[in-house]
Amino acid sequence: MKLSPSRWRDTVVGILIPIGAVAGALLAGVLILVLAGVNPVKAYGPLLIGPFANLYGIAQTITKATPLLLVGLGICIGFRGGVINIGGEGQIVAGALFTTWVGLQLRSLPGIVLIPLLLLTGFIGGALWGAVPGILKARLNASEILSTIMMNLIAAQGVSFLLRGPMIDPAEIAYGTGFPQSEALTEWAWLPRVIPRTTVHLGAIIALVMAVLVYVFLWRTTIGYRVRAVGYSKDASRYAGINVARYAVLAMLLSGGLAGLAGAVEVMGIHHRLLDGVSAGYGFTGIVAGLFGKLHPIGVIPASFLFGALLVGADKMQRAVGVSPGIVYALQGLVVLFVVSSDLWVRRRSARRVEGGGEELVND
Amino acid sequence: MINELLKEGALILILASGVRLATPYLFAALGEMIGQRSGVLNLGVDGTMMLSAFTAFYVTFASGSLALGVLVGVLTGGLMGLIMAVVSVTMRAEQGISGIGLHLFGLGMSNLLFRLSLGAISTVEGFRPLSVPILSDLPVIGAVFFRHNVLVYLAFVLVPVAWVVLFRTPLGLKIRAVGENPQAADTLGVSVTGIRYLCVIIGGMMSGLAGTYLSIGLNNMYVDNITNGMGWIAVALVYFGRWHPWGVLAGSLLFSVVNALQIWVQVRGIAIPYEFAVMMPYVLTIVALAFAVRRAQQPAALSKPYERAEA
Amino acid sequence: MQKYAMFMFSVLLVAALLVACAPPTPVAPEKVRVALILPSTIDDLAWSQSMYEGVKAVQAELGEDRMEVTVTENLWNPVDAAAAIRDFAEQGYHLIIAHGAQYQNSLFEIAPDFPDTSFAYGTSFKTGDNIFAYDPQAQEGGYLLGIIAGMMTKTNKIGVVGPVEAGDAVKYNYGFVQGVASVNPDAEVSVTYTGSFGDTAGAGEMAKTHMDNGADFLTGTAQQAVGAIQAAKERGVPWLGSDMDQSVVWPDTVMAAQVYNWKEVVRRMVDARVEGKKGGEHLSLSFANGRLSLHFNDRFNIPADVKAKVETTLQAIKDGSLVVPLPSE
């Protein structure tokens with residue numbers, strides 16, 4: 001793929017405009033900081049530099065970005081296939097649950113077998129949890145937005161039940177502390193750390209590989225093409241003889257599977273056991289990462305990294321200046337709103353170039 | 001259990017509790033429905049509710065006036081709606097992300113302002129139940145529907161109002177036209193931008209009412225994260241109601257009555273794991289949606305920004 | 001080459017010996033730097049606020065020039081908390097309190113990298129070389145409050161509005177139910193859960209349903225409980241509190257409360273450092289060691305026989321003649 005000069009210019013502008021938008025959001029954020037009696041310079045240092053200042057900062061960012069990337073990739077497949085998957089939270093939980101349960105049964109397997117098996121198990125768990133809304137939509141025209149939101153809540157309660165009863169760590173009962181967590185997985189099942197003494201684990205590399213795989217799937221395979229076709233126009237796809245219902249279910253299944261994989265790597269790479277609240281909001285933040293990445297698997301990589309950096313930096317800011325946790329969310333909200341608004345100018349430029357928009361269809 | 005449930009007293013209590021619980025969903029979901037009818041998906045409901053819950057509470061706390069509290073709560077919601085409209089209509093931004101951004105902003109600002117102004121949990125004298133003369137004496141129905149506070153009545157009154165506006169007025173026709181086919185509406189001289197601004201702002205105000213009800217009509221206090229995710233369920237209920245006020249009413253009532261029922265089941269000490277009780281409304285809402293017969297489609301232009309074709 | 005190596009080796013050896021033999025520098029009154037990581041907020045009127053106030057109380061005792069406190073809130077997620085724990089450790093904080101059992105893995109992973117830093121968390125039992133674990137015996141206070149409710153209820157119906165059936169809440173509720181049963185076997189205690197720590201509206205509605213059902217005493221735990229207390233207030237039903245004494249906000253509703261004296265726990269950890277112990281202690285909060293206490297609200301006329309019964313039971317718990325069992329025992 002050769003880039004013409006005008007395309008280069010678009011790329012540069014396409015990067016500069018979002019950066020300008022972040023700057024705009026932070027400028028607006030100054031008002032909030034001043035309102036809270038915080039020196040903006042002191043606050044923005046850790047926010048902007050913290051995530052990249054040293055190895056640990058970068059490691060924290062990558063740790064955060066890993067589940068966001070996986071969920072965001074799932075969002076790519078889902079949204080491209082015309083299903084709006086807001087069920088990432090529940091699918092992460094389902095993946096984490098499957099992985100933990102199977103991991104606790106197969107303690108004696110060596111890592112080389114156990115790790116791939118558990119990753120697959122997590123994927124299947126998320127896929128099954130995602131398949132339910134997919135089937136309900138395909139067969140009964142039940143909105144996946146509603147069913148995925150409800151399935152999130154059901155998953156949370158279900159895991160809560162399992163963790164205080166059947167799956168609770170026997171030590172928690174023995175000592176009477178009763179904290180709802182499962183027993184720890186055998187070390188065979190732990191994902192190796194990629195950067196020593198940090199929390200960056202093999203999951204980060206798995207997520208990057210998945211990004212490439214999702215790209216290949218969506219743009220280089222017939223099935224992927226059909227998924228996109230169904231998302232682009234149901235009627236035209238039906239006319240072309242594609243089984244629309246089947247592909248909608250498939251999109252939801254894969255979308256859920258990737259979120260389930262996120263749950264699996266969180267358990268295997270970070271917690272080494274199942275805890276309440278393992279999804280930690282990644283199911284929602286991953287949507288933002290996916291959409292910021294323009295629903296393109298390769299675009300989601302920088303999007304999730306930058307959003308991870310924003311989350312890490314915001315926490316660092318809170319610690320550095322001791323501001324209320326609300327400022328963190330308010331600033332994140334502003335950044336999202338500004339960046340998403342600035343997209344207008346990016347689109348205007350590319351619209352002027354493309355004229356007619358035919359290229360968008362093939363290659364967007 | 002069934003015998004106990006059939007006792008008139010139990011049923012009335014559950015239904016009355018369901019009506020109280022349905023109120024915030026009803027406000028927020030009706031507002032979201034109006035916005036979606038005009039083609040704008042606003043996922044910022046939860047954050048809007050939180051911020052309004054705070055401002056309404058604070059103003060009531062500081063001034064002692066509930067009316068002023070409601071006014072400020074509604075205006076706060078309207079302002080959040082305005083932000084959403086600017087971002088999603090004028091800037092034509094992706095609506096899903098815009099809404100999540102708005103939600104985060106509302107979540108953060110409510111926490112920050114609470115910390116800066118009050119800093120500790122306090123309470124107010126909220127709206128008191130107001131029995132409707134005559135109607136409140138009706139058997140069963142009286143106790144279920146007519147012994148609540150004025151915000152509850154308002155929520156239920158807004159259902160037919162929304163229906164009349166959407167389906168029996170020229171304005172409603174325009175809203176639906178903009179949501180279904182903005183190009184055609186534009187050609188006919190309807191301001192797509194104007195209608196969408198109006199609907200998103202009204203939607204924000206209704207979310208504001210939902211939040212206001214939580215802080216000065218139901219809990220009579222403000223705590224962080226007061227909605228605990230209600231706004232998301234309200235969005236889901238719009239899909240349940242298939243963009244129809246009566247459907248939204250049915251969904252809100254179903255969800256909330258089942259919720260009241262599960263609370264009652266727990267209180268009566270019926271032996272099931274409480275998690276399964278808590279799940280009941282979620283599961284039943286999915287089941288009910290799956291087996292509902294109507295096949296209404298969502299507004300054709302939902303979540304699609306409108307750009308006038310340059311001639 | 002070999003000579004050079006030998007030379008270097010002896011130099012190093014001598015240097016090491018010199019360092020080892022150097023007289024210990026007198027310990028200057030160290031300014032203790034304490035970092036607190038909270039799952040919720042400092043104003044939740046429950047778990048997080050009670051710890052925050054405990055740390056602040058120790059700071060007030062020692063003076064701000066001898067103790068520095070940094071707080072970070074809303075870090076329920078262990079991943080975010082892990083980042084905070086490591087940051088604080090790198091910044092040289094002496095004592096890092098991660099106030100939740102969910103932080104266990106993170107602490108055990110990070111603590112070995114910072115052997116001079118003390119870490120603490122709970123509710124748990126598992127300690128490490130430089131890790132303290134703390135653990136409130138919430139069932140004891142539950143038992144005492146259960147006695148009050150059991151003796152004073154007229155309807156023989158008592159409601160418990162719990163968050164999630166886990167950790168503290170289970171211990172407290174279990175103790176409460178036994179306390180009621182010990183004085184009034186006829187009373188019915190209905191234990192319910194909202195399924196969430198933050199469902200204030202749900203807790204309020206649950207409290208109303210309990211009262212509709214005839215309950216004339218209510219209790220419950222976690223930050224969601226405030227919704228239930230407010231509902232109780234509106235119908236004039238007394239509340240029995242835990243974690244903190246919420247009568248500050250509801251003076252006419254909260255009749256008595258079990259209070260976690262985190263101050264004592266934090267003080268013990270700070271003192272342990274002075275003694276040279278960086279962790280390894282399991283700090284239980286009980287009535288016997290004074291880290292739990294019972295507060296009565298003077299606005300209520302609690303009958304003398306009730307107070308007497310609570311007092312004798314409290315003594316029995318303190319001297320060990322009464323052990324309130326846990327579900328597992």
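I started with one pair of side chains: A:Arg193 and C:Glu109 form a salt bridge, 2.5 Å from N to O. A reminder to myself is that this is a predicted model.

**Chain C against chain A**

I then looked up the rest of that interface. The rule finds six salt bridges across chain C and chain A. On the chain C side 34 residues take part, in contact with 36 residues of chain A. I noted about 3000 Å² buried between chain C and chain A, with 50% of it on carbon and sulfur atoms. Which residues of chain C lose the most area to chain A? I found C:Val79, C:Asn105 and C:Phe125, which together make up 18% of what that side buries.

**Chain A against chain B**

Next I went to the other interface on my list. Here 44 residues come from chain A and 45 residues from chain B. I wrote down about 4100 Å² buried between chain A and chain B, 78% of it on carbon and sulfur atoms. In chain A, the residues that lose the most area to chain B are A:Leu146, A:Met150 and A:Leu337, together 15% of what that side buries. How many salt bridges are there between chain A and chain B? I get a count of one. The side chains of A:Arg164 and B:Glu275 meet in a salt bridge, at 2.7 Å from N to O.

**A helix pair in chain B**

I turned to α3 (residues 45–63) and α4 (residues 66–90) of chain B, which pack at about 150 degrees with their axes 8 Å apart. Angles over 145 degrees count as roughly antiparallel, so I can call α3(B) roughly antiparallel to α4(B). The crossing of α3(B) past α4(B) is right-handed. I listed the residues that meet: from α3(B) they include B:Gly47, B:Leu51, B:Thr55 and B:Val59, and from α4(B) they include B:Leu68, B:Val72, B:Thr76 and B:Met80. What kinds of residue make up the contact of α3(B) with α4(B)? I have seven nonpolar, ten polar and no charged.

Most residues other than glycine have a negative phi, and most peptide bonds are trans. I looked up two exceptions.

- A:His272 has a positive phi of about 65 degrees, though it is not a glycine. I found A:His272 in the loop between α11 (244–271) and α12 (282–292) of chain A.
- C:Gly122 and C:Thr123 are joined by a cis peptide bond, with omega about 10 degrees. C:Thr123 lies in the loop between β4 (118–122) and β5 (131–136) of chain C.

Methods. Residues are numbered from 1 along each chain as its sequence is written. Chains are lettered from A and ligands numbered from 1 in the order in which they are written. This is a predicted model: local features need pLDDT of at least 70, side-chain atom pairs count only at pLDDT 80 or more; totals for chains, interfaces and linings use all residues. Side-chain values use heavy atoms; hydrogens and water are left out. Axes are lines fitted to C-alpha atoms, for helices over the stretch in contact, and angles run from 0 to 180 degrees between N-to-C directions. Helices (H or I, at least four residues) and strands (E, at least two) are DSSP runs, numbered from the N terminus. Angles under 35 degrees count as roughly parallel, over 145 as roughly antiparallel, 65 to 115 as roughly perpendicular and the rest as oblique. A crossing is left-handed if the near helix is turned anticlockwise from the far one by less than a right angle, and right-handed if clockwise. Contact means heavy atoms within 4.5 Å. Ala, Val, Leu, Ile, Met, Phe, Trp, Tyr, Cys and Pro count as nonpolar, Asp, Glu, Lys and Arg as charged, and the others, Gly among them, as polar. Buried area is the accessible area (1.4 Å probe) that two parts lose on being put together, summed over both. A salt bridge is a side-chain nitrogen of Lys or Arg within 4 Å of a carboxyl oxygen of Asp or Glu.
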